[in-house]
Amino acid sequence: IIQDRIIIVANQLPVKAKRRPDNKGWSFSWDDDSLLLQLKDGLPEEMEVLYVGSLKVDVDPSEQDDVSQLLLDRFKCVPAFLPPDILTKFYHGFCKQHLWPLFHYMLPFSANHGGRFYRSLWEAYVAANKIFSQRVIEVINPEDDYVWIHDYHLMVLPTFLRRRFNRLRMGFFLHSPFPSSEIYRTLPVREEILKALLNSDLIGFHTFDYARHFLSCCSRMLGLEYQSKRGYIGVEYYGRTIGIKIMPVGIHMAQIESVLRLADKEWRVGELKQQFEGKTVLLGVDDMDVFKGVNLKLLAMEQMLKQHPKWQGRAVLVQIANPARGRGQDLEEIQAEITASCKRINETFGQPGYEPIVFIDRPVSLSERVAYYSVAECVVVTAVRDGMNLTPYEYIVCRQGVSESESSSESSGSKKSMLVVSEFIGCSPSLSGAIRVNPWNIETTAEAMNEAISMVDAEKQLRHEKHYRYVSSHDVAFWSRSFFQDMERTCKDHFRRRCWGIGLSFGFRVVALDPNFRKLSIDHIVSVYLRSKNRAILLDYDGTVMPQTSHNKTPSSEVISIINTLSSDIKNTVFVVSGRGRDSLAQWFSPCKKLGIAAEHGYFMRWSANDNWEVCGQNSEFGWKEIAEPVMKLYTEATDGSSIETKESALVWHHRDADPGFGSSQAKEMLDHLESVLANEPVTVKSGQFIVEVKPQV
């Protein structure tokens, strides 16, 4: 049997590259810190894993073929080499200066605050995604492989792959936040990106909030609604159901534990214990970027020392700042602000042998980080937005320690840890024992930090145990296993459906239909038409004879002429069937003498212009209108953009122009309201697309 494989596509490959000492070629090794490498633990054991992504180094075009061959043979990695001009515009331009700030709720109000949208940067983003797709296409077996795409750098890649392979099994996971629809809809290419993501089979998010924002964008911008069936969320899109997966990523337990054993054996933990002896250590570990709220944390520490002087000389905030990945003026401003705060706080509260802020702005290895976790009483995360943030998870595991180190006196006691976390980060919902804060509120954050380090040990232990149970069971393997199982489940009908790819550029989508579906053949229709003696031709009005969007509803002379040609054939009976009133239809089609009209969905019917109107309903009692109309008026007044259409046989409430969310919830309310007040009347109340209708029972 051909074995299933999975191709994992991300901006960067999980390998490190170094120039050989003799400067001839490159040497490569796995990057053990890469999530892409760690997620293999959750995939089926016998499954082959291929990686497609770029390298962190520039490889000369003359060496690219050799490097590609070496990476494929030794690491099953396929490198995507981006030309320097595309790389700069794609990564530092569109990704880091436009998408990254926007997805973290920063709108480009001025040219130097968040990146403005430039069409050339978007074109580079598309070009880069296309290069990634070409690398995938080179190695894929479309019938047997799964493809799992990671993060916001590659959001249009699903379209490139789906266009080549209609039935490809493909998942996408977004590691950053997905912003509220109010923010997302400012993006000039909002529909292109949404439609591209919907070419995946499964789209994953860390939290329900991110998924909710995405679904709200689908609803408001594309008119797509989602259903929840047996706990799974799905979006129906041209006959395909795209699964929505909510599952926060975890950490790699074994890796942290092995580093912990090492850090324990090394001198670093002991040295730090000595350095901070008699002090209570609060710890922050953050990337240096504008969304991590590092300065807000420093201000909260300052506030805590002012508000609770007992901590002066005793509490220390150690802040580790990893080097920045982006660049720009925002970053320089924030670094200057942080430096000024550190200086001011240390000058105000410092004493001989005591500095309240220890700021470390150099690269810190995992083993040194682990040593700091081990001595910290509390970890503080005050990011104003962060997709996930695994710092609290790492900290909890380090405070648990590893069983081998039980001999040391301290670790034989009960384990405890405390967390103060921003409510705006992805891991916050999973950590129910953490003290959650609004990082913008300096005073409450300071109080939370005081509460965390003042809490009694028994309470700290209970919270720690609860968190450790969660973090150790929801690790990175649990996350990838869960995502892969959902991808399998979502794609299981792929080869049973009939699929057609339609649409150009980012309008491209796959229409999936039941295997019994037969496509209408025009040749077949023509031959049957010519052979038949009697033909009934029924034409709808809005959306068929007339475009749905046109405001002028009078049919064109071309439409009139086609209808006259059809109805002049003695073998044809031609009818326009519509929900519209008989007067408008009779007026519009007055030149078509032989045309039949069924108005108000057939309540009134006329075989030709010379015939009288027939009433098809038995009921000529319309007393119910006096009950229904006031109810409809009530909802019309309360719902901006809605209106009532009064027909002879029916009343229709329209909410197409109202807010989509509010309009549909008002329609549901109205339906219940009308059903209860009209319970004893000979009418039916039903809802349709953007309407609620009351009409006589037939």
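**Figure 1. Surroundings of Ser567 in the predicted model.** Outside the four places on either side in sequence, Ser567 is in contact with Val574 and Lys594. The model shown here and in the following views is predicted. Ser567 belongs to helix H19, which spans residues 557-568. With a relative accessibility of 7%, Ser567 counts as buried, because buried residues are those under 20% relative accessible area. A polar atom of the Ser567 side chain lies 2.8 Å from the backbone oxygen of Ile563. Lys593 stands 26 residues away from Ser567 along the chain, and the C-alpha atoms of the two are separated by 8.7 Å.

**Figure 2. The crossing of helices H13 and H14.** Helix H13 (residues 366-375) and helix H14 (residues 391-400) cross at roughly 70°, and their axes come within 8 Å. H13 is therefore roughly perpendicular to H14, and the crossing is right-handed. On the H13 side, the contact is formed by Arg369, Val370, Tyr373, Ser374 and Val375, which meet Thr391, Glu394, Tyr395, Cys398 and Arg399 of H14. Sorted by class, the residues of this contact are 5 nonpolar, 2 polar and 3 charged.

**Figure 3. The packing of helix H14 against helix H16.** Helix H16 covers residues 457-473; its axis and that of H14 are 10 Å apart, at an angle of about 110°. This angle makes H14 roughly perpendicular to H16. The crossing of H14 with H16 is left-handed. H14 contributes Tyr393, Ile396, Val397, Arg399 and Gln400 to the contact, while H16 contributes His464, His467, Tyr468, Tyr470 and Val471. The contact of H14 with H16 comprises 6 nonpolar, 3 polar and 1 charged residues. Arg399 of H14 is listed in this contact and also in the contact of H14 with H13.

**Figure 4. Asp514 in the loop between strand S19 and helix H18.** The loop that holds Asp514 runs between strand S19 (509-513) and helix H18 (522-531). Asp514 has a relative accessible area of 39% and is partly exposed. A polar atom of the Asp514 side chain lies 3.0 Å from the backbone nitrogen of Asn516. Between the C-alpha atoms of Asp514 and Cys499 the distance is 8.9 Å, with 15 residues of sequence separation.

Figure 5. Most residues other than glycine have a negative phi. Glu600 is located in the loop between strand S22 (596-599) and strand S23 (604-606), and its relative accessible area of 6% makes it buried. At a relative accessible area of 31%, Phe690 is partly exposed.

**Figure 6. Overall context of the close-up views.** The protein has 698 residues, of which 52% count as buried. Its secondary structure comprises 22 helices and 28 strands. Along the principal axes, the C-alpha atoms fill a box of roughly 105 × 65 × 50 Å. Of the contacts between residues at least 6 apart in sequence, 69% join residues at least 24 apart.

Notes: Residues are numbered from 1 along each chain as its sequence is written. This is a predicted model: local features need pLDDT of at least 70, side-chain atom pairs count only at pLDDT 80 or more; totals for chains, interfaces and linings use all residues. Side-chain values use heavy atoms; hydrogens and water are left out. Helices (H or I, at least four residues) and strands (E, at least two) are DSSP runs, numbered from the N terminus. Buried means under 20% relative accessible area, exposed over 50%, partly exposed in between (1.4 Å probe, protein chains only). Contact means heavy atoms within 4.5 Å. A polar contact is a pair of N or O atoms within 3.5 Å; within protein, one must be able to donate a hydrogen and the other to accept it, and residues adjacent in sequence count only if both atoms are side-chain atoms. Axes are lines fitted to C-alpha atoms, for helices over the stretch in contact, and angles run from 0 to 180 degrees between N-to-C directions. Angles under 35 degrees count as roughly parallel, over 145 as roughly antiparallel, 65 to 115 as roughly perpendicular and the rest as oblique. A crossing is left-handed if the near helix is turned anticlockwise from the far one by less than a right angle, and right-handed if clockwise. Ala, Val, Leu, Ile, Met, Phe, Trp, Tyr, Cys and Pro count as nonpolar, Asp, Glu, Lys and Arg as charged, and the others, Gly among them, as polar.
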